[in-house]
Amino acid sequence: GNRILRSHVFGLTMSHSRSQYDRYISIFSPEGRLYQIEYAFKAIKSPALTSVGVRGANCAVVATQRKVPDKLLRPETITHIFPINKFIGCVITGRIADGKALLYTARQEASEFWNKYGYDVPVSYLARRLADLSQVDTQHLGSRTLGVGIILVSMEEMDDGTFAPRLFKVDPAGAYAGWFATAMGQKETEANNYLEKKQRGGKLDNSSTEDSIMLAIATLQSVLATDFKAPELEVGVVTGDNRQFRMLTEAEIDRFLTSIAEKD
């Protein structure tokens, strides 16, 4: 009886202890955790969407699901892939309203950079800037972290004047990194495991644009165990040909879906 009572009291104490620390974003728990940031990561998975980014030899691709929650909605108004400027695109995963706020911040940063320096912002700089702004939100008591993650793609000019594909992911904690391929959302772990197998031996370094797009789509199909139709997917791509970010049309997506089906 005493053991059950002690266990019950301990449970209440731990519950009370956690409630003390998960109310405030700027206070660490005794275990060194910031619960509000952990909840922000969970918010990324709450819409039950998965997004993928793949970097090829001369391209970078982002792909995600297009879910239209109501038959009265116009499908073309539902999107999670956006251009930031002519040369940088992104896919937003999580709370779309938070994502729009981050998107407008990114566009403002890109515009201010161009006005100040006279050339387009490098995607590596923009990723670092968005990460810094997200990290500041974790320090102040009156702020809230954004429940959204963003994957950025672009062709970036190197020191020798050539352009190379770049893929960055920024999370709610304010961390960012460059990737060969990555995923965000509900099936993030499964998608990353799938992509990791495809990257063994540096295969993605030599991947063509077509193969990179097919890999992004195939990853979503594999981890979600779904044979998608073209209207159920969104794909954005940037290549070294003209460096401009663009969305694939439904006809183009359908052609890639057919190629994947024939390959299988």
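Residues 24 or more positions apart make up 63% of the chain's contacts that have a separation of 6 or more. Keep in mind that this is a predicted model.

What does the secondary structure of the chain come to? Of the 264 residues of the chain, 44% count as buried.

Now for the backbone. Most residues other than glycine have a negative phi. Two residues here go the other way. Ala48 is not a glycine, yet its phi is positive, at about 60°. Arg243, also a residue other than glycine, has a positive phi near 65°.

Where do they sit? Ala48 lies in the loop between α2 (35-45) and β1 (50-55), while Arg243 is placed in the loop between β9 (233-239) and β10 (246-247).

| Residue | Phi | Relative accessibility |
|---|---|---|
| Ala48 | about 60° | 21% |
| Arg243 | near 65° | 24% |

Ala48 has 21% relative accessibility, so Ala48 counts as partly exposed. Arg243 has 24% relative accessibility and therefore counts as partly exposed as well.

So, if you're checking backbone angles, Ala48 in the α2 to β1 loop and Arg243 in the β9 to β10 loop are two places with a positive phi.

Notes
Residues numbered from 1 in each chain as written. Predicted model: local features only at pLDDT ≥ 70, side-chain atom pairs only at ≥ 80, totals over all residues. Heavy atoms only, no water. Buried < 20%, exposed > 50% of the residue type's maximum accessible area, 1.4 Å probe, protein only. Contact = heavy atoms within 4.5 Å. Helix = DSSP H or I, 4+ residues; strand = E, 2+ residues; numbered from the N terminus.
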